Amino acid sequence: MARSVPLFVSLNHQLVALQTLQLLHHQQQGEDARACHPQYKLDQASPPLSTGMYGPALRAASKTSEEEEECGSQALSNPGEPGPRTLAQIAVHSMLSQIVDSTSQLVSVEQTLLLPLFQEHPFPIHLKDSIEFRNICSHMALQLEGQQFDRDLHAAHQCLRTIVEKLIHSLAVFPSDLYAIAQASLRQILQNLPEM
């Protein structure tokens with residue numbers, strides 16, 4: 001177990017970041033629902049997120065695309081009126097959803113695939129990237145919106161890509177099928193985080 005400490009520490013920082021991202025996403029969903037449907041009441045809001053590691057991020061990001069399109073189209077069809085969301089806000093919301101999903105997937109891959117591999121053959125873990133990712137997400141939570149929030153969101157996106165890329169590189173020296181499966185899972189996450 002002691003051999004797994006670096007990965008556990010890195011994973012812990014990512015879990016803190018994930019919980020922060022889930023909270024931000026949940027808050028945005030509540031604001032979107034109230035803006036899109038003024039009669040929306042707080043007691044109709046989705047239940048609070050649990051602190052579990054698997055489902056919450058996917059549930060937090062599972063708002064139906066029909067609702068988002070309807071709300072977004074209202075903003076576009078009434079440009080002179082104070083619409084629910086601007087195109088920029090829609091883009092930010094979409095990127096945040098993408099980062100929540102990808103972070104949740106990364107945590108899942110690390111827990112189910114990388115931990116057993118790391119215990120067998122330790123590979124380089126770049127702890128500072130996970131710390132930076134956690135710090136960026138914490139800073140985002142203080143901003144909530146605006147240009148600084150957007151910059152932090154882009155920084156979080158890039159930092160998450162860096163974490164995944166370095167893990168893929170660390171696993172490349174191991175030829176076994178299990179490492180290839182882990183790499184393939186990480187590459188799939190990377191595909192969901194296109195370069196900006």
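Predicted model: local features only at pLDDT ≥ 70, side-chain atom pairs only at ≥ 80, totals over all residues.
On the α5 side, the residues involved are Lys128, Asp129, Ser130, Glu132, Phe133, Ile136, His139, Met140 and Gln143. They meet Gln148, Phe149, Asp152, Leu153, Ala155, Ala156, Cys159, Leu160, Thr162, Ile163 and Lys166 in α6. Sorted by class, the residues of this contact are 10 nonpolar, five polar and five charged.

How do the axes of α5 and α6 cross? They come within 9 Å, at roughly 160 degrees. An angle over 145 degrees counts as roughly antiparallel, and α5 and α6 are therefore roughly antiparallel to each other. The crossing in which α5 passes α6 is left-handed.

I turn next to α6 and its packing with α7. The axes of these two helices lie 9 Å apart, and the packing angle is about 160 degrees. That angle makes α6 roughly antiparallel to α7. Here too the handedness can be stated: α6 passes α7 in a left-handed crossing. From α6, the contact takes Arg161, Val164, Glu165, Leu167, Ile168 and Leu171. From α7, it takes Tyr179, Ala182, Gln183, Leu186, Arg187, Ile189 and Leu190. By class, nine of the residues in the contact of α6 with α7 are nonpolar, one is polar and three are charged.

Helix α7, residues 177–191, also packs with helix α4, residues 87–120. Their axes come within 10 Å and cross at roughly 170 degrees. The two helices, α4 and α7, are therefore roughly antiparallel to each other. In α4, the residues making the contact are Ser102, Gln105, Leu106, Val109, Leu113, Leu114 and Leu117. Their partners in α7 are Leu178, Tyr179, Ile181, Ala182, Ser185, Leu186 and Ile189. Which classes make up the contact of α4 with α7? There are 11 nonpolar residues and three polar ones, with no charged residue.

Finally, let us consider empty space inside the model. Rolling a probe the size of a water molecule over the atoms shows where such space is left. A search of the whole structure finds one cavity of 30 Å³ or more. The volume of the largest cavity is about 90 Å³. Its lining consists of Ser10, Gln14, Glu110, Pro124, Ile125, His126, Asp129, Ser130, Ile163, Lys166, Leu167 and Ser170. Which elements give two or more residues to this lining? They are α1 (5–36), α5 (127–143) and α6 (147–171). The largest share, four residues, comes from α6. By class, the lining has four nonpolar, five polar and three charged residues.

Definitions and conventions:
Residues numbered from 1 in each chain as written. Heavy atoms only, no water. 1 Å grid on protein atoms, 1.4 Å probe; cavity = no way out; pocket = protein on both sides within 12 Å on 5 of 7 lines; lining within 4 Å. Points joined across faces, edges and corners; volume = space filled by probe spheres on them. Nonpolar A, V, L, I, M, F, W, Y, C, P; charged D, E, K, R; others polar. Axes fitted to C-alpha atoms, helices over the stretch in contact; angles between N-to-C directions. Parallel < 35°, antiparallel > 145°, perpendicular 65-115°, else oblique. Left-handed = near helix turned anticlockwise from the far one by under 90°. Contact = heavy atoms within 4.5 Å.
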